[in-house]
Amino acid sequence: MSYEYIKFGKEEREFREKIEEISGENVFSCYQCGKCSAGCMFSDKMDRTVNQQIHRIQMGQKEKVLAANTHWICASCLTCSVRCPRDIDVAAIMEAIREYILREEPEKIIVSELPKEVLERLPNIALVGNFRKMTG
Amino acid sequence: MVQYSYFPGCNLKTNAKGFEKSAVAVSKKLNAELVEIPNWNCCGTVHTMTSDNLMKRIAPVRVLSRSRKHIEELEDSPNEVATLCSMCNSTLKIVNKEVKVDEDKLSKINYQLEEDEETYAEDMEVKHFLEILRDSVGYKNIAKKVIKELKGIKVVPYYGCMLLHPEEAKIDDEEMPSVLEYLMESLGAEVIFSPLFKFCCGSYHIVDDETIVDSQVSKILQDVRVKGANAMVVACPLCAYNLDYQQKKLIKQTGEKNPIPIFYFSQLMAIAMGEPIEINHFEDHQIDPRKLLKELKLEG
Ligand code: SF4
Ligand code: SF4
């Protein structure tokens, strides 16, 4: 891996610190074993795996972290969090990335654009759960 | 009669009426009656994993405080709020543990609640009805109430995520749970293991991208079929919806000939205990379980 990959400017450091603040986790605890991604049932739909995202936060790759679809595909099943050998709440880090984005741009989905039929048919827990994850 | 202060949550009043009605009916038979909290509010469904957002924690603490008050009106009631929906269960359990250890969080939340003359009481616990069945009622006492053994039902227990994760909320071993297995065996059903017992159904992605759910649901159902099961048993209204509704859609697309009905555990209990079939609201299911029950002569 090239050292150009590592970015430690002010912006990158602040990004990492914000993710750590929101999640309450220390991203440097991660030793990149990959167990979180191995057990994630959505890895096949993610353009970057969960541990890659954590590695990129460690390396200050803010833009790349934010551009991945990983945290939006994550369904908060928490399997990674119960399995991490370093006791990292990995799902909370995914939530922190979502929150970081949503606190600036609060509408990952636009609720008013959902068809009435869908709103009436879907279970309340799906709607409330989704809005809590996809809107700020 | 032992009575439990019961928190239904929103879905048991809408999509999952059969879950609630069957559970309440069997709870009375088992001397562990679920009595609804009179003035409950939505718990917020998903627990916030952010460390800096108290707003999202107020609703579940309010539920705990109202339940505590409700308990004073009940008979022989332990200081426990009983839940059925596994998402509510998880949200309430996590917040309950958080406020027990974080005085600062609790005092700020209580400040909000005091406006409505409510306070959280520290002696509250949250119990899923499955925990009550396992730990307080006992499988033996459940088996004693069975008047119609579920012969011919080959069922895969599907736990989903929220009954087993996170550590603070799990009701059983997270990698090798057994409560649904023992419960189904005590009803006389044949239990079939699927390694995808907690392979996430896609959850709330049904709202923003149903292809995610379709892909998860097809994998889960494929395994259930390969294993030779004819039913699945669940405890979460969202798992149930995704597995049932999306299955119907997928069957239309693929022409699959082997539909798998999705039961709530309490519906199978109600059938085995001879409750009237109507309480299960099977008409709300997309894959109608009555077809299988009829074949097995279990519907009457
Ligand atoms: S399981 Fe934990 S230690 Fe291993 S890569 Fe994932 S976050 Fe890092
Ligand atoms: S919580 Fe998210 S990242 Fe972790 S295993 Fe589940 S879907 Fe994957």
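**Reading a helix pair and a chain interface**

Guide: The crossing of α7(B) and α11(B) is left-handed, a term used when the near helix is turned anticlockwise from the far one by less than a right angle, right-handed being clockwise. This is a predicted model, in which local features need pLDDT of at least 70 and side-chain atom pairs pLDDT 80 or more, while totals for chains, interfaces and linings use all residues. Residues are numbered from 1 along each chain as its sequence is written, chains are lettered from A in the order in which they are written, and side-chain values use heavy atoms, without hydrogens and water.

Visitor: At roughly what angle do the axes of α7 and α11 of chain B cross?

Guide: Axes are lines fitted to C-alpha atoms, for helices over the stretch in contact, with angles from 0 to 180 degrees between N-to-C directions. Here α7 (residues 179-186) and α11 (residues 265-272) of chain B cross at roughly 15 degrees, their axes coming within 10 Å, and α7(B) and α11(B) are therefore roughly parallel (under 35 degrees).

Visitor: How much area do chain B and chain A bury between them?

Guide: The size of an interface is often given as the accessible area lost when the parts come together. With a 1.4 Å probe and summing over both parts, chain B and chain A bury about 3,500 Å², 62% of it on carbon and sulfur atoms. In chain B, Met49(B), Tyr204(B) and Val207(B) lose the most area to chain A, together 22% of what that side buries.

Visitor: How many salt bridges are counted between chain B and chain A?

Guide: A salt bridge needs a side-chain nitrogen of Lys or Arg within 4 Å of a carboxyl oxygen of Asp or Glu, and the count between chain B and chain A is 2. Arg83(A) forms a salt bridge with Glu175(B), where the closest N and O atoms are 2.9 Å apart.

Definitions and conventions. Helices (H or I, at least four residues) and strands (E, at least two) are DSSP runs, numbered from the N terminus. Angles under 35 degrees count as roughly parallel, over 145 as roughly antiparallel, 65 to 115 as roughly perpendicular and the rest as oblique. Buried area is the accessible area (1.4 Å probe) that two parts lose on being put together, summed over both.
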